[in-house]
Amino acid sequence: MPAISGKEYINRIDKMHSNVWIDGKQVKGKISKHSAFKGAMKSQAKLYDLQFEPTLKDIMTYSSPTTGERIGTSFLEPKTKEDLIKRKLMVQEWAKSNLGMMGRSPDYMNTALMAMAASSDLFSKEDKKYSENIRKFYEEARENDYSFTHTFINPQVNRAEYHFEELNGQIISAQVIDKNEEGIIIHGARLLATQGGMTDEIIVFPTGGRFLTKELAYAFSIPSNTKGLKFICRESFSYNDSTFNHPLGSRFEEMDTIIVFDHVLVPWERVFFCDDIELANRMYSDTSFFTLVLHQVISRQIIKTESILGISQLIVDTINIGEYQHVQEKISEIITGYEALKGLLLSAEHHAETDQWGTMAPALAPLYSAITMFPKLYPRYIEIIQLLGASGLVSIPSEKDFKSEIREDLDSYLQAANSNAIDRVRLFRLAWDLSISAFGGRQTLYERFFFGDPIRLASNQYRGYERLDKVKRISEFLKNDE
């Protein structure tokens, strides 16, 4: 099967009937019709449809190396710098359709799976079948255009460095509790599967780290409707269907879920490795996993920053505040961050090199700088929107108000210097949904921790950045008295 359409995506997920719970009730019937999921699924379906746009065909798809049919570029293993640029263009085309708000669009985990498959030989140390499993499953996903949710995180029961994974005799973090001829048995819970229940599969990766135990050192992928697998949702931030009232939440609410594994059987052919603490850490450090995934992430975040710049400038133009220097300084601040992100991404591509597995990998240092910087930039961008919008962000009547007998009042008192009332309110509702609403608050938290604890990211950058030659130069200068 080649790249799928949006209709095929929705039909496939609806037929799975995964075990999804929200507001104390199990989702019944077609999940694409449920108020909490239909907006995001419709938006995701549009991403798949872009693969069939004639003018985008050469960006969004490529020829399958096994069938010759057109398949999604998000699965493309880059062998050249041109491949990297093609991947970036694909990511950004998808991101433009949702203003960069869908952080878990299919290209994210497709990239992660591709990166693992590209370095599959690493997983053959203990058992050759594991590397074969990864490569075979990647090809299956690629040829069928699978969508994925995933989890890296254990529950926040006890975040002390030294603690037991069991509490009061109960298993908390999902772990291997048994094995048999069919596969491994997983029991416990994991966080935080965004789009849980809305995808074909769920990929489970180890958290890594020095306190990892053998029971937690595994990786696999299974269908989202696997027996014993349950997705428990938070409250939905898609409060109604009106794209006027909730222009972002109604369309792009991806949903976050807790994943419960109740004695889930993972077949051996779906296990990528098991009981291997060393490999659980090496899968990140000895592959181009981070570089390839970060390339996708930063490509999307650039489009999100473009969206923020566009919204901010439109507020300035609409209420005619561009002559104030403090306003100009705020817009300039967004521009500076935007150009820095673009420059770092270009640097990573320019300095890309073929890794030990034969994959063209972008340079890590620029990408790590970008992902360390963005969690600081994004909350500031949101603050700027709040400062620019001020009281206008709460003077936002609903769509029904504009269809009522008070329309004349709204037209008079909510007009702007360069806009009529309804267009002004439409813009300010967009800015509100990004900066103040529950959807917007989740977006800010999400970007703060998108790639993990920002302090740990900075620490990793400190330890890993090569700067010995700079230190040596200064040391030699200090020794020179002439």
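Predicted model: local features only at pLDDT ≥ 70, side-chain atom pairs only at ≥ 80, totals over all residues.
A residue is called buried here when its relative accessible area is under 20%, and by that cut-off C233, at 11%, is buried.

**Cysteines**

- C274 also counts as buried, because its relative accessibility is 10%, which lies under the cut-off of 20%.
- The structure holds zero disulfides, a disulfide being a covalent bond between the sulfur atoms of two cysteines.

- Four strands, in the order β5-β10-β11-β14, make up an open sheet whose pairing is mixed.
- The edges are taken by β5 (148–151) and β14 (271–274), and because each has a single partner strand, one side of each is left without a neighbour in the sheet.
- From one strand to the next, the twist of this sheet averages 20 degrees.
- Strand β11, which covers residues 218–223, runs antiparallel to β14 and is joined to that strand by three bridges; within this pairing, F220 stands opposite V271 of β14.
- Helix α6, made of residues 128–144, packs on the sheet and touches β5, β10 (201–204), β11 and β14, while the direction of the helix makes about 150 degrees with that of β14.

**Helix α2 and what covers it**

- Helix α2 (residues 38–50) has 13 residues, which at 1.5 Å a residue should span 18 Å, and the distance of 19 Å between its end C-alpha atoms agrees with that expectation.
- The buried residues of this helix are G39, A40, M41, S43, Q44, A45, L47, Y48 and L50.
- The cover over these buried residues of α2 includes the helices α1 (6–16), α3 (57–60), α4 (81–97), α5 (106–118) and α7 (249–252).

**Salt bridges**

- The structure holds 26 salt bridges, and one of them pairs R135 with E77, whose closest N and O atoms are 3.5 Å apart.
- Since R135 belongs to helix α6 and E77 to the loop between β4 (70–72) and α4, this pair ties together parts that are 58 residues apart in sequence.
- The two partners fall into separate classes of accessibility: R135 counts as partly exposed at 26% relative accessibility, whereas E77 is buried, with a relative accessible area of 11%.
- K304 and E447 form another salt bridge, with 2.9 Å between the closest N and O atoms; this pair links distant parts of the chain, K304 lying in helix α9 (residues 289–319) and E447 in helix α14 (residues 438–448), 143 residues apart.
- Both K304 and E447 are buried.
- The side chains of E333 and R380 also meet in a salt bridge, at 2.8 Å from N to O, and they connect helix α10 (residues 325–350), which holds E333, with helix α11 (residues 364–389), which holds R380, across 47 residues.
- In this pair E333 is partly exposed at 26% relative accessibility, and R380 is partly exposed as well, with a relative accessible area of 23%.

Key:
Residues numbered from 1 in each chain as written. Heavy atoms only, no water. Disulfide = S-S within 2.5 Å. Buried < 20%, exposed > 50% of the residue type's maximum accessible area, 1.4 Å probe, protein only. Pairing = 2+ DSSP bridges. Helix = DSSP H or I, 4+ residues; strand = E, 2+ residues; numbered from the N terminus. Axes fitted to C-alpha atoms, helices over the stretch in contact; angles between N-to-C directions. Contact = heavy atoms within 4.5 Å. Expected span 1.5 Å × (residues − 1). Salt bridge = Lys/Arg side-chain N within 4 Å of Asp/Glu carboxyl O.
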